[in-house]
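Here are a few exercises to work through with the model open beside you. Try each one yourself before reading the solution.

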Amino acid sequence: MATCEVCGNDYWMAFEVRTVSGDVHTFDCFECAAHKLAPICEHCDVKILGHGVEVGGRFFCCAHCARNEETQGAEIRDAVGSRPA
Ligand SMILES: [Zn+2]
Ligand SMILES: [Zn+2]
């Protein structure tokens, strides 16, 4: 048994997540893991649950948000499904 560090639920299927810094966190569900660990888009404030977009150390949920904040502007594109220029 392990206790979720977000909600406190003591749950037999709780799991651990190891981050890039080496920290290990325990959660009872993905929602709690996202609440604690997911980065937040600097443009629209949503939790970034997919790959997201990183530009110069800043995180965005998508290329649209990155284009609105970064000087690279039109150069930033979503990797999947983007139409060739
Ligand atoms: Zn939880
Ligand atoms: Zn966004």
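**Exercise 1.** Are Cys4 and Cys32 buried or exposed?

*Solution.* A quick word on ground rules: this is a predicted model, where local features need pLDDT of at least 70, side-chain atom pairs count only at pLDDT 80 or more, and totals for chains, interfaces and linings use all residues. Residues are numbered from 1 along each chain as its sequence is written, chains are lettered from A and ligands numbered from 1 in the order in which they are written, and side-chain values use heavy atoms, leaving out hydrogens and water.

Now the check itself. Buried means under 20% relative accessible area, exposed over 50%, and partly exposed in between (1.4 Å probe, protein chains only). By that rule, both Cys4 and Cys32 are buried.

**Exercise 2.** Work out which atoms hold the zinc ion (ligand 1), and what arrangement they make.

*Solution.* Step one: look for donors, meaning N, O and S atoms within 2.8 Å of the metal (3.2 Å for Na, K and Ca); water is not among the atoms, so sites may look incomplete. You'll find Cys4 (SG), Cys7 (SG), Asp28 (OD) and Cys32 (SG), at 2.0 to 2.3 Å.

Step two: check the angles. Four donors count as tetrahedral if all angles lie between 85 and 135 degrees. Around the zinc ion (ligand 1) they run from 94 to 117°, so the arrangement is tetrahedral.

Step three: read along the chain, where the spacing is C-x2-C-x20-D-x3-C. Cys4 sits in the loop between β1 (2–3) and β2 (10–11) and Cys32 in helix α1 (residues 30–37), so the pair ties together parts 28 residues apart in sequence. Helices (H or I, at least four residues) and strands (E, at least two) are DSSP runs, numbered from the N terminus.

**Exercise 3.** Describe the surroundings of Asp28.

*Solution.* Start with its place: Asp28 lies in the loop between β4 and α1. Asp28 is buried yet has none; Lys36, the nearest side chain of opposite charge, is 13 Å away.

Then try polar contacts (a pair of N or O atoms within 3.5 Å; within protein, one must be able to donate a hydrogen and the other to accept it, and residues adjacent in sequence count only if both atoms are side-chain atoms). Here the side chain of Asn9 meets that of Asp28 at 2.9 Å.

**Exercise 4.** Repeat the zinc analysis for the zinc ion (ligand 2).

*Solution.* The protein donors are Cys41 (SG), Cys44 (SG), Cys61 (SG) and Cys65 (SG), 2.3 to 2.4 Å from the ion. Their angles around the zinc ion (ligand 2) are 105 to 117°, which makes this arrangement tetrahedral. The spacing in sequence is C-x2-C-x16-C-x3-C. Cys41, in the loop between α1 and β5 (53–55), and Cys65, in helix α2 (residues 63–69), are 24 residues apart. Cys41 and Cys65 are buried.

**Exercise 5.** How many salt bridges are there, and which residues share partners in one network?

*Solution.* The count comes to three. One of them joins Glu5 and Lys36 (3.7 Å, N to O), linking the loop between β1 and β2 with helix α1. Glu42 also pairs with Arg58, their closest N and O atoms being 2.8 Å apart. Glu69 meets Arg58 too, at 3.7 Å. Shared partners therefore put Glu42, Arg58 and Glu69 into one network, and Glu69 in helix α2 and Arg58 in strand β6 tie together parts eleven residues apart in sequence.

Methods:
Tetrahedral: all angles 85-135°; square planar, octahedral: opposite > 155°, others 65-115°. Lys, Arg positive; Asp, Glu negative; His and termini not counted. Salt bridge = Lys/Arg side-chain N within 4 Å of Asp/Glu carboxyl O. Contact = heavy atoms within 4.5 Å. Lists of a residue's contacts leave out its neighbours within four places in sequence.
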